[in-house]
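Take a moment to look over the structure below.

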Amino acid sequence: MAKSMEIPFFDIRRVDKTKKQPILNAVKKVIESGKFILDKEVERFEREFSRFIGTKYSIGVASGTDAILLSLISLDVKGKNIITTPFTFVSTAEAIVKAGGTLIFADIQDDGFLMDLDNAASKIDRKTGGIIPVHLFGEMLDVKRLKAIVKGIPIIEDCAQSFGSFRDTNKAGSLGLTGCFSFFPTKNLGAYGDGGMITTNSSVLYKRLTSLRAHGKVGDKYTILGYNSRLDEVQAAILMIKMRYFEEDNRKKIRIAKRYIQGLKGFVKVPIYKEGYTFHQFTIRTEGRDKLKEFLKKNGIQTKIYYPIPLHLHPLFKNGYKKGAFPNSEKRAKESLSLPVFPDLTDNEIDYIVQNIRNFFKHR
Ligand SMILES: Cc1ncc(COP(=O)(O)O)c(C=O)c1O
């Protein structure tokens, strides 16, 4: 057994070490330009983003949460039912409630982390105004199949954890009415602060959303009640640089995931690797998850639990739902543990984590 190590869950300074100089140069350029809000950098990044995802339009906003919120507001979902899963970050549900929608949950897959499409189909009725599949942990849901099921109901893809994920040749965020991305620093494409992006092929939504993000401005007039939710020039310039490194960083993460899968199968339930999986998280499943987490912590390994409380049992989103309502989400909340999976994790570190997990089960 290797000697004791300290392994962080995520370390942005390590990940971005080689990108530091180009990023500093890009930030300097913005500072010297004196233009900080909705100017050339945001325009350039939006164009590049659309090209990468494969949509006609991209609209830079202040966060991933705002991307979902503004998408819902642009569709005027007030009083309508919006379906999502309880096994997601609070902000998916938060945006639905803030937009005036009624939160309706559909369970996740029996053996996975994504929305169960049959369960979602059973929740659709005349009041349904939208559905938000979450491409959780970097795994893209089958949006084509979802589209066939929902027959014209707006699909708002929550792509906060899935920049770059794809299925067949379709990228996450290219098939729904809108795709909503987060640039929170730990995400697949992370800024040095908050930021978000909405993708769409609809010129009507593009116009509405560019207005909504800038106080309802159309031309030089303020015509509707809007928001202050703009991606700023400094973040856009940083993201533009970081996008260049995405494929390389992603390849590194896939390699890490494969090494974990190889070392851990038979001990815990591991994710199944498929092409297009970006491993925003590498999440294992096991009984005795809390004890394993404690054991790893004692051995210097940081891990995280996504998500300990399924949202239908969260005081803010309960809406009369009871324990047992979404058994798959409840089970995942008890058994899931995410391991470090940032691009520059070394083989020694991965092997140390694998060895510790194996030891935990051998000596139980
Ligand atoms: C699934 C999911 N949806 C939405 C968000 C919201 O993104 P942001 O933190 O940029 O508001 C996040 C990220 O934190 C997320 O993980």
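Phe267 sits in the loop between helix H10 and strand S12 (282–285). Helices (H or I, at least four residues) and strands (E, at least two) are DSSP runs, numbered from the N terminus. This is a predicted model: local features need pLDDT of at least 70, side-chain atom pairs count only at pLDDT 80 or more, and totals for chains, interfaces and linings use all residues. Residues are numbered from 1 along each chain as its sequence is written.

Is Phe267 buried, partly exposed or exposed? A residue is buried if 20 or more other C-beta atoms lie within 10 Å of its own, exposed if 12 or fewer, and partly exposed in between, with C-beta atoms placed from the backbone. Phe267 has 17 other C-beta atoms within 10 Å, so Phe267 is partly exposed. Apart from neighbours within four places in sequence, Phe267 is in contact with Ile357, Arg358 and Phe361. Two residues are in contact if their C-beta atoms, placed from the backbone, lie within 7 Å. Arg285 is 18 residues from Phe267 along the chain, and the C-alpha atoms of the two are separated by 9.8 Å.

Now take the whole chain. Its secondary structure comes to 13 helices and 13 strands. The radius of gyration is 21 Å, close to the 21 Å that the globule rule gives for 364 residues, so the chain is as compact as a globular protein of that length. This radius is taken over C-alpha atoms, and the globule rule is 2.2 Å times the number of residues to the power 0.38. Along its principal axes, the C-alpha trace spans about 70 × 55 × 35 Å. Of the 364 residues, 47% count as buried. Among contacts between residues at least 6 apart in sequence, 68% join residues at least 24 apart.

The chain is divided into domain 1 (15–106 + 114–244) and domain 2 (245–362), with bounds that come from an automatic or database domain assignment. Their C-alpha centres lie 25 Å apart. Across the boundary, 27 residues of domain 1 are in contact with 24 residues of domain 2. On the domain 1 side, the elements that give two or more residues are H5, strand S3 (102–105), strand S6 (166–167) and H9. H9 gives the largest share of that side, three residues.

Helix H9 (residues 233–244) has twelve residues and reaches 17 Å from its first C-alpha to its last, close to the 16 Å expected at 1.5 Å a residue. The expected span is 1.5 Å times one less than the number of residues. Buried residues of H9 include Glu233, Ile238 and Lys242. The buried residues of H9 pack against helix H2 (20–33), helix H3 (40–53), strand S1 (57–61) and helix H10 (246–264).

Which residues are closest to the ligand? They are Ser63, Gly64, Thr65, Ala160 and Ser182, among 15 residues that surround it; a residue is near a molecule if its C-beta atom, placed from the backbone, lies within 6 Å of it. Helix H4 (64–74) and helix H5 (90–98) are the elements that give two or more residues to this shell.

In H4, eleven of the eleven residues are buried, so the helix is largely enclosed by the rest of the structure. Gly64 and Thr65 are among the buried residues of H4. After H4 comes Asp76, whose phi is positive, near 50°.
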